[in-house]
Amino acid sequence: MAKPDNVGQFEQLVLTAILSLRDGAYGVTIHEKVSELAAPKPVALGAVYVTLDRLEDKGMVASWLTDPTPERGGRAKRCYRLEALGERALQESAETARRIWDAISEALGQAKRPKWEPVRPK
Amino acid sequence: MIEKLIGVLIPPAAREEVLGDLRERCGDGARLLREAARVIPYVVASRIRRTTDAVVVLMQGLTLYTCFVLAALWMARPLLYTDWGFARLAIAPCIVLATVILADAYADPKKRPPLRAMAAPVLGMALAFAAQPVPRPLMIWGGLIGTLLVVMMRLAIPPLADRRQTARVPAYWQKLDLVSLKMDFGGARLMIAAAILLLLLISRWFRL
């Protein structure tokens, strides 16, 4: 099985947005979701495009063009979906984040806090 | 009108979806223009990253520069003795390379005109001629031979988007990799920076 490339924090945000949006993941909705996840930091739409291209080149997401719609001036959307490699990269990132969270909780003596368990949406 | 103008500035490979997204987010008018001004540089940069093969561009740059240096040695040796003489010789290759990189980024992946490999270097050299960074005879000989060699290189190693693919994978995966030369990206950047510094030093202080 191919080992996924390391993904950066912004790439994790974009992958998470695609995962949660499912079939409705395209430029505008992904940007909105990423902005929501990255709040209060502002997110540029252009940065989302660059990251989507990079993730596609890494084989973590796949894209396709839909039919044109009138609200977009008769232009098509490019929709994205997560590939197996992207899902695995996201899982690994979530596990790393969990380990970091555990280590921080332990170091700060906040062991009473509920343990964060990332749950994969069905 | 504004939308058409913005459409021209977006590389054709991403035009449909980017323009659609901008229209959906901003509607029509000044807001569309402001948002486009923020988004387009990212889209162009991303397209350049996808269509540019750094190793091939480096080879083309060195070929062009060598042609101009040899032409100068042959026809305008005094130019090499002047301050920044070697650096002046690098201006025309830089203009050609910038044109080639942008032309590849703005190439329409759906259309593959047979003369694409030739058109970008010729256009770049025409722009360099218009800028005239070195004397005319030097431009003619250095430019002519350099353009010819670059066109041949582009025919032998076509632009990334035009390369034949045997599997449904991104064209980007066919990029030549500096790692295979036992050189990481940081090392390559260091070498390029050292080469530019050396060129400037030679240009400033070296007198034949």
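## Overview

Helices here are DSSP runs (H or I) of at least four residues, and strands are runs (E) of at least two, both numbered from the N terminus. The structure described is a predicted model.

## Chain A

Chain A holds four helices and two strands, and along the sequence they follow the pattern α-α-α-β-β-α. Chain A has 122 residues, of which 32% are buried. When contacts in chain A between residues at least 6 apart in sequence are considered, 50% join residues at least 24 apart.

## Helix H4 of chain A

Helix H4 of chain A covers residues 84–107. H4(A) has 24 residues, and the distance from its first C-alpha to its last is 35 Å, close to the 34 Å expected at 1.5 Å a residue. Its buried residues are A:Gly86, A:Ala89, A:Leu90 and A:Ser93. These buried residues pack against H1, H3, strand S1 (61–65) and S2 of chain A. After H4(A) comes A:Gly109, which has a positive phi, near 70°.

## Nonpolar cores

Which residues touch the most other members of the largest nonpolar core? In this core of 33 residues they are A:Val14, A:Leu15, A:Ile18, A:Ile30, A:Val48, A:Tyr80 and B:Val18. Elements of chain A that each supply at least two residues of the core are helix H1 (9–21), H2, H3, strand S2 (78–82) and helix H4 (84–107). From chain B, helix H2 (12–26) and helix H3 (30–51) each supply at least two residues as well.

Another core, of 21 residues, lies apart from the largest one. Its members include B:Phe86, B:Leu89, B:Val134 and B:Val150.

## Contact between the chains

How many residues of chain A are in contact with chain B? On the side of chain A there are 19 residues, and they are in contact with 20 residues of chain B. Helix H2 (27–38) and helix H3 (45–57) are the elements of chain A that give two or more residues to this side. The largest share, eight residues, comes from H3(A). By residue type, the side of chain A that touches chain B divides into eight nonpolar, three polar and eight charged residues.

## Domains of chain B

Chain B is divided into domain 1 (2–47) and domain 2 (52–205). The contact between the domains takes five residues from domain 1 and four residues from domain 2. On the side of domain 1 that touches domain 2, the elements that give two or more residues are H2 and H3 of chain B. The residues on that side of domain 1 are four nonpolar and one charged, with no polar residue.

## Helix H8 of chain B

Helix H8 of chain B spans residues 116–131. H8(B) has 16 residues and reaches 23 Å from its first C-alpha to its last, close to the 22 Å expected at 1.5 Å a residue. The buried residues of H8(B) are B:Ala117, B:Ala120, B:Pro121, B:Gly124, B:Met125 and B:Ala128. Seen down the helix axis, these buried residues fall within an arc of 125°, so they line one face of H8(B). An α-helix has 3.6 residues a turn, so residues three or four places apart point the same way.

The buried residues of H8(B) pack against helix H7 (91–105) and helix H9 (136–156) of chain B. H8(B) is followed by B:Gln132, whose phi is positive, near 50°.

Key: Residues are numbered from 1 along each chain as its sequence is written. Chains are lettered from A and ligands numbered from 1 in the order in which they are written. This is a predicted model: local features need pLDDT of at least 70, side-chain atom pairs count only at pLDDT 80 or more; totals for chains, interfaces and linings use all residues. Two residues are in contact if their C-beta atoms, placed from the backbone, lie within 7 Å. Ala, Val, Leu, Ile, Met, Phe, Trp, Tyr, Cys and Pro count as nonpolar, Asp, Glu, Lys and Arg as charged, and the others, Gly among them, as polar. A residue is buried if 20 or more other C-beta atoms lie within 10 Å of its own, exposed if 12 or fewer, and partly exposed in between; C-beta atoms are placed from the backbone. A nonpolar core is a set of buried Ala, Val, Leu, Ile, Met, Phe, Trp, Tyr and Cys residues joined through C-beta atoms within 7 Å. The expected span of a helix is 1.5 Å times one less than its number of residues. The arc is that of the directions from the helix axis to the C-beta atoms. Domain bounds come from an automatic or database domain assignment.
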